[in-house]
Amino acid sequence: MIDFLQKLGQTTLTSFAKLGRGYFFLIHTLIGIISVLAHPRLLTKQLYSVGVLSFLIISISGLFVGMVLGLQGFYILSDFGAEETLGVMVAASLVRELGPVVAALLFAGRAGSALTAEIGLMKATEQLSGMEMMAIDPIKRIIAPRFLAGFLSMPLLAALFSAIGVIGGQIIGVGLLGVDDGAYWSQMQSTLDFQDDILNGIIKSIVFGFVISWIALFEGYDAAPTSEGVSRATTRTVVNSAFTILGLDFILTALMFGDI
Amino acid sequence: MDTKAPPKTDIVSIRNLTFSRGHRKIFNAISLDIKRGKITAIMGPSGTGKTTLLKLIGGQLYPDKGDIIVDQQNVHQLKRKDLYTLRKRMGMLFQSGALLTDISVFDNVALPLREHTALNKSMIRTLVLMKLQAVGLRGARDLMPAELSGGMARRVALARAIALDPMMIMYDEPFTGQDPISLGTLVKLIKELNNTLGLTSIIVSHDVEETIGIADYIYVLSEGKVAGHGTPEQIRNSDSKWVQQFMKGDADGPVHFHYPATDYREDLFQ
Ligand SMILES: Nc1ncnc2c1ncn2[C@@H]1O[C@H](COP(=O)(O)OP(=O)(O)O)[C@@H](O)[C@H]1O
Ligand SMILES: [Mg+2]
């Protein structure tokens, strides 16, 4: 019993300590962003490896998700004779939920894990220590540009996901199942609301981008400097990001669309 | 802080330094001095805390007790900004080289210059090429760190460490894992840099012969204490059993080759 309590206390303490380090890390990183703006070249390189290299997986996944939505939506809506509104259904699902959430999950798996492994390995090979000894702050030079790149890429990738998803829905709904093309687009345009749907979706993806970048970079920075430590940290990034994305999505949805 | 100010001839003075990792005391109130302009070696078997000592000197780790004075400044009482200013004057050569793997050799050496000086492009280029020439790798400037052999990577790291013309360089195990040729060039390089640039060198190593050959003064560490110190001759003729064992590499002596275990025969036939 005492043992159990001791362990519980120990675990609580270490988690709080880690949380504390995480906040310090975040504040330090946010301050570091100021100096990134002075060296935009650092940022463009990261935008490429964090953002551009995620294009393909996001596009292909968006296409398939949109196609599935087109199929499922058509079967449900045609029962009520409402297949004209397929465009609304596909677009609203994507813009409000699936775009930000699925893109964020994919982004955490594709870019987040890579960031953690990269930073963890830099730590294990003493590259970060080496910079500190050269009086160069690794948070400014290494972490902050990556953070900013992740934060900026996420909303764009989510938008890309939704846009391609809408086209996927059209390919199936209009191309295959015979929904009227004009109705698909015009219903979508007249029903979707900029603030309720699009803006809220963008806000979600901005929040997700912030959180994923923070988790991924901090896990790398805080990893034990061994192969095992880096591999554990990478796993933690993917798992913790997924939980955080889904939990935050619920909270944000409740705040945005619910009457709470 | 110690009341006696260290004499100016000492670039680094360590006083009563105590440092623990977990429950293990890595240093137990050690004191040592490093003379300006000389090559000082700190020796001891793996795991004695040689790398840890360099990180303490560089202000990356905090001692539990005691003081480290570098160039008249108490490292662990400095503000972050002053610590960074001091670090610009200390070069450190990590065991692994610690080159940034995503930029070229040239950019690695240029990094401290770009970060800390306002020199223009062509001046930085000139300086980088001079530093690379000094370590014999001017021709390798466009390679990426992954394309270098271990010995070359360490020389590039050395070029980077001297980029800002520091007052001292700390070498962490510079001789480990080098083939005889790069070993020879490295030994020569360290000596040359020390003499021509007026640097102070601290070499941390467990390679006895190479280190004895170039050091002006040697400290031998063991189990958190200074087991002996002196010029290479004095160390060779030391009457400390421990120092003798370390120098000769005997398996028997005050330090045991075997990790503490139960009786071997009992263990096998139980
Ligand atoms: N980050 C760390 N966390 C915990 N223990 C460490 C860490 N780094 C080194 N140690 C321990 O400290 C001791 C001294 O390590 P180190 O200074 O690397 O020795 P040396 O360089 O003399 O081989 C070793 O026993 C090592 O296991
Ligand atoms: Mg070491």
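Helices are DSSP runs of H or I with at least four residues, strands are runs of E with at least two, and both are numbered from the N terminus. By that reading, chain A of this predicted model has nine helices and zero strands.

## Chain A

The order of elements in chain A, from the N terminus on, is α-α-α-α-α-α-α-α-α. Along its principal axes, the C-alpha trace of chain A spans about 65 × 55 × 35 Å. Chain A has 260 residues, of which 45% count as buried. Its accessible surface comes to about 12700 Å², and carbon and sulfur atoms account for 71% of that area. Among the contacts in chain A with a separation of 6 or more, 84% are between residues 24 or more positions apart.

Two residues of chain A can be described in detail. Ser54(A) sits in the loop between helix 2 (40-51) and helix 3 (55-79) of chain A. Ser54(A) counts as buried because its relative accessibility is 0%, and the cut-off for buried is under 20%. A polar atom of the Ser54(A) side chain lies 2.8 Å from the backbone oxygen of Val50(A). When neighbours within four places in sequence are left aside, Ser54(A) is in contact with Phe107(A), Arg110(A), Ala111(A) and Leu157(A).

The other residue, Asp197(A), belongs to helix 8 (residues 194-221) of chain A. Asp197(A) has a relative accessible area of 4% and is therefore buried. Its side chain reaches the backbone nitrogen of Asp193(A) at 2.8 Å. With neighbours within four places in sequence again left aside, the contacts of Asp197(A) are Val95(A), Arg96(A), Thr191(A) and Leu192(A).

## Ligand 1 and chain B

Which residues surround ligand 1? They are Arg21(B), Arg24(B), Ile26(B), Ser46(B), Gly47(B), Thr48(B), Gly49(B), Lys50(B), Thr51(B) and Thr52(B). By class, this shell has one nonpolar, six polar and three charged residues.

| Residue | Part of the residue | Distance to an oxygen atom of ligand 1 |
|---|---|---|
| Gly49(B) | polar backbone atom | 3.0 Å |
| Thr51(B) | N or O atom in the side chain | 2.7 Å |
| Thr52(B) | N or O atom in the side chain | 2.4 Å |

Taken alone, ligand 1 exposes 560 Å², and the protein buries 58% of that area. Strand 2 (24-35) and helix 1 (50-57) of chain B are the elements that give two or more residues to the shell around ligand 1. Helix 1 of chain B gives the most, with three residues.

Helix 1 of chain B is also largely enclosed by the rest of the structure, because seven of its eight residues are buried. The buried residues are Lys50(B), Thr52(B), Leu53(B), Leu54(B), Lys55(B), Leu56(B) and Ile57(B). Just after helix 1 of chain B, Gly59(B) takes a positive phi of about 80 degrees.

Is strand 9 of chain B largely enclosed or largely open, and why? Strand 9 (residues 217-222) of chain B is largely enclosed by the rest of the structure, because five of its six residues are buried.

Strand 9 of chain B pairs with strand 3 (residues 39-43) of chain B in the parallel sense, over four bridges. In this pairing, Tyr217(B) of strand 9 is the bridge partner of Thr40(B).

Strand 9 of chain B also pairs with strand 10 (residues 225-230) of chain B, here in the antiparallel sense and over five bridges. Val220(B) has Gly228(B) in strand 10 as its bridge partner, and Ile218(B) stands opposite Gly230(B) in strand 10. Strand 9 and strand 10 of chain B form a hairpin with two residues between the strands. In that hairpin, Glu223(B) takes a positive phi near 45 degrees.

Notes:
Residues numbered from 1 in each chain as written. Chains lettered and ligands numbered in written order. Predicted model: local features only at pLDDT ≥ 70, side-chain atom pairs only at ≥ 80, totals over all residues. Heavy atoms only, no water. Near = heavy atom within 4 Å. Polar contact = N/O pair within 3.5 Å; in protein donor to acceptor, adjacent residues only side chain to side chain. Areas by Shrake-Rupley, 256 points an atom, 1.4 Å probe, with all protein chains shown as cover. Nonpolar A, V, L, I, M, F, W, Y, C, P; charged D, E, K, R; others polar. Buried < 20%, exposed > 50% of the residue type's maximum accessible area, 1.4 Å probe, protein only. Pairing = 2+ DSSP bridges. Contact = heavy atoms within 4.5 Å.
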